[in-house]
Every structure is written in structure tokens, then in C-alpha cells.
Amino acid sequence: MTRAAQWQRGTCWLYCRRTDALVAWIGPVHVSGGTVPMYACPDCLNALERMAYQRLRAQGPHIHRRAGEQR
Ligand SMILES: [Zn+2]
């Protein structure tokens with residue numbers, strides 16, 4: 001993983017669900033009641049990135065973005 005991340009102790013919102021893991025913010029989660037920050041540990045981030053790369057390879061170089069989406 002090469003991205004610069006700010007790590008902190010907290011709950012991993014991805015696959016392992018550990019509650020005292022080293023986690024980094026990975027993005028907002030939009031639910032019907034609002035938007036909350038989502039955090040994940042390095043192991044789960046790696047798993048997520050593997051899935052994302054597989055998806056990118058499968059669908060080619062064009063990524064669909066919603067209008068107005070910011071990074
Ligand atoms: Zn995790």
C-alpha cells in the first residue's frame with residue numbers, strides 16, 4: 001500500500017471488524033440518515049485494493065464517476 005494514510009486506533013469497518021485495530025479513513029459512507037466516515041485496517045485495505053484492481057482489469061480503463069464527485 002503506497003497511499004499516505006493517517007492511522008489511528010479504532011474499529012475496522014471492513015471485513016475483520018476488529019474494534020481495536022490500527023485504521024485509516026477510507027472515505028465517506030452515505031446512508032439514508034446521513035454520511036459517516038469509514039475506517040479500515042491495513043489487511044482489509046489490501047483485500048479491498050485487490051478486489052478493486054480485479055474489477056478495473058475486468059472492466060477496462062474507463063471508470064464511471066458520478067457527476068460532481070470530488071476526491
Ligand atoms: Zn480490517
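1. Helices (H or I, at least four residues) and strands (E, at least two) are DSSP runs, numbered from the N terminus. Please keep in mind that this is a predicted model, in which local features need pLDDT of at least 70, side-chain atom pairs count only at pLDDT 80 or more, and totals for chains, interfaces and linings use all residues. Residues are numbered from 1 along each chain as its sequence is written.

2. Is Cys 12 buried or exposed? Cys 12 counts as buried, because it has 23 C-beta neighbours inside 10 Å. The cut-offs are these: a residue is buried if 20 or more other C-beta atoms lie within 10 Å of its own, exposed if 12 or fewer, and partly exposed in between, with C-beta atoms placed from the backbone. Leaving aside neighbours within four places in sequence, Cys 12 is in contact with Arg 17, Arg 18, Ala 21, Val 23, Tyr 39, Ala 40, Cys 41 and Cys 44. Contact here is for two residues whose C-beta atoms, placed from the backbone, lie within 7 Å. For Val 23, the distance to Cys 12 is 6.3 Å from C-alpha to C-alpha, with eleven residues of separation in sequence.

3. Now for the overall layout. The protein has one helix and three strands, and from the N terminus on, the elements run β-β-β-α. Of its 71 residues, 10% count as buried. Among contacts with a separation of 6 or more, 36% are between residues 24 or more positions apart.

4. Strand 1 (residues 7-10) and strand 2 (residues 21-31) pair in the antiparallel sense over four bridges; two strands pair if DSSP finds at least two bridges between them. In strand 2, Val 23 is the bridge partner of Gln 8, and Leu 22 is the bridge partner of Arg 9. Strand 2 also pairs with strand 3 (residues 34-40), in the antiparallel sense over seven bridges. There, His 30 stands opposite Thr 35 of strand 3. Strand 2 and strand 3 form a hairpin, with two residues between them.

5. Together the strands make an open sheet of three, in the order 1-2-3, with antiparallel pairing. Strand 1 and strand 3 stand at the edges with a single partner strand each, so one side of each is left without a neighbour in the sheet. On average, neighbouring strands of this sheet are turned by 55° against each other, direction ignored. Those angles rest on axes that are lines fitted to C-alpha atoms (for helices over the stretch in contact), and angles run from 0 to 180 degrees between N-to-C directions.

6. Which residues form the largest nonpolar core? It has seven: Cys 12, Ala 21, Val 23, Tyr 39, Ala 40, Cys 41 and Cys 44. Strand 2 and strand 3 each supply at least two residues of this core. By a nonpolar core I mean a set of buried Ala, Val, Leu, Ile, Met, Phe, Trp, Tyr and Cys residues joined through C-beta atoms within 7 Å. As background, nonpolar side chains tend to be buried together in soluble globular proteins.

7. Cys 41 deserves a look of its own. Cys 41 is found in the loop between strand 3 and helix 1, and it is buried because 22 other C-beta atoms lie within 10 Å. Leaving aside neighbours within four places in sequence, the contacts of Cys 41 are Cys 12, Cys 16, Arg 18, Ala 21, Leu 22 and Val 23. Between the C-alpha atoms of Cys 41 and Asp 20, which are 21 residues apart along the chain, the separation is 9.9 Å.

8. Arg 17 counts as exposed because it has 11 C-beta neighbours inside 10 Å. Its phi is near 60°, a positive value in a residue other than glycine.

9. Finally, the helix. Helix 1 (residues 42-59) has 18 residues, and as the number buried is one, it lies largely in the open. At 1.5 Å a residue helix 1 should span 26 Å, and its end C-alpha atoms are 25 Å apart, which agrees. The expected span is 1.5 Å times one less than the number of residues. Gly 60 follows helix 1, and its phi is positive, near 90°.
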